[in-house]
Amino acid sequence: MKFLFNSKTLLALGVSVSVNVTILAGPAPKPNAVRKYTIEQFMKTIRFGGSDISPDEKTVLFSSNQDGVFNLYEIPFDGSGQPKQLTSSKTNAIFAIGYLPDGRILYSSDQGGNELTHIYLREKDGAISDLTPGEKAKYQFGGLSHDRKSFFYGSNQRNRAAFDLFEMELATMKPKLIFENPGGFLPSDVSPDKRYVSLTKTMTTSNSDTYLYDTQTKETKLLTKHEGDVNNGSAGFTPDGKKLLISTDDGNEFSYIKAYDLATGQSTVLDKANWDIMGDYLSYRGKYRVLSVNNDARTELKIIDTRTNQAVKLPALPGGDVTGVNIADSEGRMTFYVNSSNSPSTLYSYDFKTGKATPLVRSLNPEINAEDLVLGEVIRYKSFDGMEIPALLFKPKEAKAGDKLPAILSIHGGPGGQTRLSYSPLVQYLVNSGYVVLAVNNRGSSGYGKTFYAADDRKHGDADLKDCVESKKFLTGTGYVDPSKIGIMGGSYGGYMTLAGLAFTPDEFAVGVDIFGVANWLRTLNSMPEWWGPQRDAMFKEIGHPKADSVALYNKSPLFHTNKIKKPLIVIQGANDPRVLKIESDEIVANVKKNGVPVEYITFPNEGHGFVKKENEITAYKAVREFLDKYLKGPGQ
């Protein structure tokens, strides 16, 4: 069950998707030359979400946007058939939750990107019903009960700022309240015997606690008493119900896993690494433990046999990260994805008995030669104050010393997000078009220790922006980047960094690409969705309070400094965005136009905070490429 989320990443850009369109390329390229592809070809690459194995273990459920909008699909576990489409939404994205024990299916969906997700039931005959029909409320799935007779979900229908926890019996599909949230807590997991609920309480983006709620006594107990800033969160109960796994960075730069014994109250370290442990959970009966580590922007995964404490040896797979592991209740079969920076996800099934891994669905458009895609490289450079900044470098295959190529900085959302070595069709498209892309994990990014993570607090648009400016020295030092042709691009918080770069360092970047970006912190912080609950206060403490810190927020909001912007700008915005309101982009565009600066503005009436429709993403990315070709690369290049 997972309700827990990190408040520093709340402004991260939403789902990015890709079109089921075939566009033929131009003339055949020269031998060994990198073939050039259209955005339609790159976006024909399919994106997936989630996976689950049916109760009879014959089929695999997953979400895919192959028809333009995310829908549900099934495919035989043994890979013997083609995917079968189960839903046919043309408007709202549908994301798989999983199978129920009787073969029915649960999924989640919102309305036009408003993020007010509901939980839906798909019957075996295809009939659909909304199990959570409350208006203007958000519902979050919290997992099946261990006895498989019910499931849990969170709802903010009673109090928009707090999620209550409900149990819904599968036999009746009627909900029962099991934890009424007094506010400030996030329900995280329910024990196998349904007696205990683990809760997380967030004080700041670097400080949180784990609590245990007893449904019998109605008492709430603090499990992670500490001093200073420590991030604690529930990682789930063990299948025997005797322990609660807790993620913590207590006394350490990186998060690790402790096992809290419910009977004795004692905690012991279960897993620790030299990087953040992103996931550590047990299969249904506890036969396997799935451990994933965020190793320098890559996922390092082990599946450990708890009987021998040895890692399961998986068969040889294409290079990349193994993610999205889902082990069936029988613990004899599982599914997972393999993804890398130059190879989009492939969904696999795996049989523990035979050791056979079967590719089920490949996402790369067959029109694209995988040899033409570029592999991201982890690099580091020193910033203005000596802090080492990690970044991911993507360079055209034909780049060589002496070239004068244009470059674009790609800044992630968050502010506490992280750009990882996973596949991005936009990055590959731009690099294939002759651009160098440097994805900067500036200070404040997750994955590099809590000191680095907190280093941007109250310094947004200043210290983190200087990290981006300093990256220009690295790019120039490569010998193949033109220092006068470096632009900045980002989504959500990265969009803010783009606007901040143009407004606060007006001579540093040649162009800006703002995708769903914050322009006015006063408005954004005041209009944060109510369901953020305690994360609102955490954001106020990290970035600033719209009342107490109004002057500081005014000073770091690009909207009030647009008179300084003198470089070309393109702005992309979803009309239904509940996080960064459309009016912010409207105003930034209107103000910059007053300067006589080239400004392009693209809005999508059926998108929220991020893309969930392929046709919109194609339109946006094609416009970005044309904008960069005109104002960054220049004519004739």
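Author: What follows is a run of questions about labels and the values behind them. Keep in mind that this is a predicted model.

Reader: Let's begin with a helix. How do you know that the length of H9 is what its residue count calls for?

Author: Helix H9 runs over residues 582–593, which is 12 residues.

Reader: Which residues of H9 are buried?

Author: Glu 584, Ser 585, Ile 588, Val 589 and Val 592. They take up an arc of only 125° around the axis, so they are on the same side of H9.

Reader: And what covers the buried residues of H9?

Author: The cover includes helix H5 (493–504), helix H6 (521–526), strand E35 (569–574) and strand E36 (599–604).

Reader: H5 turns up there. What makes you call H5 mostly covered?

Author: The count: 11 of its 12 residues are buried. Among them are Tyr 493, Tyr 496, Met 497, Leu 499 and Leu 502. As for length, H5 reaches 16 Å from its first C-alpha to its last, close to the 16 Å expected at 1.5 Å a residue.

Reader: How does H4 do on the length check?

Author: Helix H4 covers residues 463–477, and its 15 residues should span 21 Å at 1.5 Å each. The end C-alpha atoms are 22 Å apart, so that agrees. Buried residues in H4 include Leu 465, Cys 468, Val 469 and Leu 475.

Reader: What do the buried residues of H4 pack against?

Author: Strands E29 (377–382), E30 (388–394), E31, E32 (436–440) and E33 (481–491), plus helix H5. Just after H4, Gly 479 takes a positive phi of about 90°.

Reader: Why is Leu 317 called partly exposed?

Author: Partly exposed is the range between the buried cut-off of 20% and the exposed cut-off of 50%. Leu 317 has 25% relative accessibility, so it counts as partly exposed. Leu 317 lies in the loop between strand E24 (310–311) and strand E25 (321–327). Leaving aside neighbours within four places in sequence, Leu 317 is in contact with Val 322, Phe 336, Val 338, Tyr 348 and Ala 357. Cys 468 is 151 residues from Leu 317 in sequence and 36 Å from it in space, C-alpha to C-alpha.

Reader: Is Leu 170 buried or exposed, and how do you know?

Author: Leu 170 has 12% relative accessibility, so it counts as buried. Its place is in the loop between strand E11 (162–169) and strand E12 (175–179). Leu 170 touches Leu 100, Pro 101, Arg 104, Arg 148, Lys 149, Ser 150 and Phe 151, with neighbours within four places left aside. Pro 101 is 69 residues off in sequence and 9.2 Å off in space, C-alpha to C-alpha.

Reader: Now the backbone. What makes the phi of Asp 296 worth a remark?

Author: Most residues other than glycine have a negative phi. Asp 296 has a positive one, near 55°. Asp 296 sits in the loop between strand E22 (288–295) and strand E23 (298–305), and at 16% relative accessible area it is buried.

Reader: What about Asn 309?

Author: Asn 309 also is not a glycine and has a positive phi, about 60°. Asn 309 lies in the loop between E23 and E24. The exposed label needs over 50%, and Asn 309 has 53% relative accessibility, so it counts as exposed.

Reader: How do you know that the bond between Gly 414 and Pro 415 is cis?

Author: Omega is about 20° there. Most peptide bonds are trans. Pro 415 belongs to the loop between strand E31 (405–411) and helix H2 (425–432).

Reader: Last one: what lines the largest cavity?

Author: Val 34, Lys 36, Asp 372, Val 374, Pro 396, Lys 397, Glu 398, Val 431 and Asn 432. By class the lining has 4 nonpolar, 1 polar and 4 charged residues. The space inside is about 40 Å³.

Note on methods: Residues numbered from 1 in each chain as written. Predicted model: local features only at pLDDT ≥ 70, side-chain atom pairs only at ≥ 80, totals over all residues. Heavy atoms only, no water. 1 Å grid on protein atoms, 1.4 Å probe; cavity = no way out; pocket = protein on both sides within 12 Å on 5 of 7 lines; lining within 4 Å. Points joined across faces, edges and corners; volume = space filled by probe spheres on them. Nonpolar A, V, L, I, M, F, W, Y, C, P; charged D, E, K, R; others polar. Helix = DSSP H or I, 4+ residues; strand = E, 2+ residues; numbered from the N terminus. Expected span 1.5 Å × (residues − 1). Buried < 20%, exposed > 50% of the residue type's maximum accessible area, 1.4 Å probe, protein only. Arc of directions from axis to C-beta. Contact = heavy atoms within 4.5 Å.
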